[in-house]
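Hi there,

Here is the structure I promised to pass along. Please have a look at it first, and my notes on what turned up follow below.

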Amino acid sequence: MERIIDWNAYIEQWSRSAVRLQSIQSYHAQHGAVPDLSEFEAHTGFFFILTHGEIGVRVSGEFVHCRSPYIFYGGENKNTIFEVPGHDQEWAGYLVLYTFLPVSSEGQERLTHSYGFTPNAMLPIQEKCEAMERHWNSNELLDRLQAQSLFLPMVYEVLSQNLQTLAHTESAKINIVTDAIKYIKANYMESITAEKLAGRYDCSTSYLSRLFRNQIGLGPIEYLIHERIHRAKQLLLKSDARIQDVASKVGYADVYYFSRLFKKHTGRSPLQFRAEYQQAAQVQNNPLHGLESSIVSPPFDSHNENESYYQLSEEGDTSMFRFSRPAFGAMMVLCTSLILSACQASNSTGGAAAAQEPASQTATATASDSTAAETRVYKHLKGETAIPVHPQRVVSFFHLGELIALGVKPVGTTTYVLDNPHISDKTGITDIGIPPDAEKILSLQPDLIVTTPALAEIVEGGYDALSKIAPTIVIEQNNEPIKDIEMFGDILGKQEEAKQWNEKFKAKIAEYKAKISPYVRADETFSILNVRPDALFVYGDTNMGGNIIYKYLGLKPAAKVESDVIHGETWEVSSEVIPEFIGDHLFLAVNKGAEDKLKDVQKLVDASPAGKSGHVYSIDFDQFLPSDPIAVEKQLDIITDLIIGDGR
């Protein structure tokens, strides 16, 4: 059964062939019961979706052992037999049969190849199977038609996850936030909750929210609201559809709730928004009037993770941000304006004005232009891109501290990154919003855009749209200062500065290790606890001082912190289990408004090893949330002073 499959050609056949759902049946069986393909009508292929337990598939004598979650695809199935390894084993799944009319004999051969894989997320596939079966078993003809319409989306999800599995090894798993953003963009009109999203990735809602906030500065439900409002804007501008139809199309059954939410985040009702755009469009079409974008919303308030923890099962009203999204027409006009300005500047440079410049100034300008124009190929997560050797106008979506540490001030960055309290001089850095506003980025005329996968995904048009503005590279969000400084030294042509920074930082770590050594025994353990008004969080080795304490200073984490947080997915904990996570030393960050919550756990903290020995250190949440090089250096000073001061 093992054979090399040309997946591009295989997917092309699916897109070109006429396919039809033939049957779908769910199984929840035990005592040796298995599907029997001979019971069904003629078909040319099948998908077997194993959602629970184990089962075997034998194809032409070859045996495939399937352990849930697992997806098996079979082409010509005359010699396909299902077997249960043990007669006492219970299993569950779906058998989906279909027929197809290929466009060629070659296409028919491609679609008959069998294969199997373990999907990254079974839930979306399982949901589509459940809906398909429900409609297929209905007596209504429209329901049967609905079942047919759900078949290809299921195939798409299967093939998409199969390609993800092929592209990522076990050591390089998919980026959950990036994948969740894609899922929200594709399914924003459906009912999506925090629990549903977390279930898709087999993690807790708090863990998923932590990942979202750390990577894009918004929670998953906040981003869902953004996507829905943005889609509603498009529908309002591109059609004359009724407001209730627009609301329904973007996932809101209650038109009054939709209208209130829309006004909350745009400052205008849906009808006002549409009317203002139509009026502004007439103005923009008048050549006597200048450019004026009519659908860009007012800038929203900045967001930091220390604000109210937003993690509802369903989405709700939130005043944490406003949306900013450019009109496509406005962007095109702006692009044209910039191009014309550049052409005019070029023409004037070669005219009389240039002739009046001193020869030395002209030579200097020419040399400067030559340096700026010099490029090299940089390999990144999206491929290879020609970037300036010495970029002058950088827009960085996430890595502000890395640039500042190397003496480069970007022309723009995102809102929540700009909130970094450790960076004092932010003059000349434009807030491009969150999600990033493409029109603002374009107006900054960058010669390089640096983004992370998740932040690139939330820009309308994604990486391709950014690449049309300026050379764009997509890099990992490492949260490791030494590694990040080295990477940005290469990106910015500041290799020597990066080397010097890292050498100085490593020397500082060695010095501080020696300083705290007399005050900490080798067997003593450390923990980091964050108390918020409505939740308790234990931090690992990435931020909130964890990278300094555990990675750089080499201090020992409490056993439960190491197993459940650093090597697990625990983040939010209940009061009852707090004692299990507190070691001999505790760094405690209490958010504003969390005084009552602190009272609930104060007795537990006092009774812990750290509390009894007086090794409880108060740290400021805002100061310790960032993990960029500048922040980490200052956090290192604070942590060392706390330990030494406590020891004295």
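**Salt bridges**

There are 19 salt bridges in this structure. Please keep in mind that the model is a predicted one.

One of the salt bridges joins the side chains of glutamate 127 and lysine 196, with N and O 3.8 Å apart. This pair connects distant parts of the chain: glutamate 127 belongs to helix H3 and lysine 196 to helix H6 (residues 194–200), a separation of 69 residues. Glutamate 127 has a relative accessibility of 25%, so it counts as partly exposed. Lysine 196 is also classed as partly exposed, because its relative accessibility is 22%; the cut-off for buried is under 20%.

Another bridge pairs glutamate 633 with lysine 508, and their closest N and O atoms are 3.8 Å apart. Here too distant parts of the chain are linked, with glutamate 633 in helix H28 (residues 629–647) and lysine 508 in helix H21 (residues 495–516), 125 residues apart. Is lysine 508 buried or exposed? Its relative accessible area is 15%, so lysine 508 is buried.

The last pair on my list is lysine 560 and glutamate 580, whose closest N and O atoms lie 3.7 Å apart in a salt bridge. Because lysine 560 sits in helix H23 (residues 559–566) and glutamate 580 in helix H24 (residues 578–581), the bridge ties together parts that are 20 residues apart in sequence. Lysine 560 counts as partly exposed, with a relative accessibility of 28%. Glutamate 580 is likewise partly exposed, at 44%.

**Serine 138**

Where does serine 138 sit? Serine 138 is found in the loop between helix H3 (123–136) and helix H4 (141–167). Helix H3 is also the one that holds glutamate 127 of the bridge to lysine 196. A polar atom of the serine 138 side chain lies 3.0 Å from the backbone nitrogen of glutamate 140. Leaving aside residues up to four places away in sequence, serine 138 touches Asp143 and Arg144.

Happy viewing, and do write back with any questions.

Best wishes

Key: Residues numbered from 1 in each chain as written. Predicted model: local features only at pLDDT ≥ 70, side-chain atom pairs only at ≥ 80, totals over all residues. Heavy atoms only, no water. Helix = DSSP H or I, 4+ residues; strand = E, 2+ residues; numbered from the N terminus. Polar contact = N/O pair within 3.5 Å; in protein donor to acceptor, adjacent residues only side chain to side chain. Contact = heavy atoms within 4.5 Å. Salt bridge = Lys/Arg side-chain N within 4 Å of Asp/Glu carboxyl O. Buried < 20%, exposed > 50% of the residue type's maximum accessible area, 1.4 Å probe, protein only.
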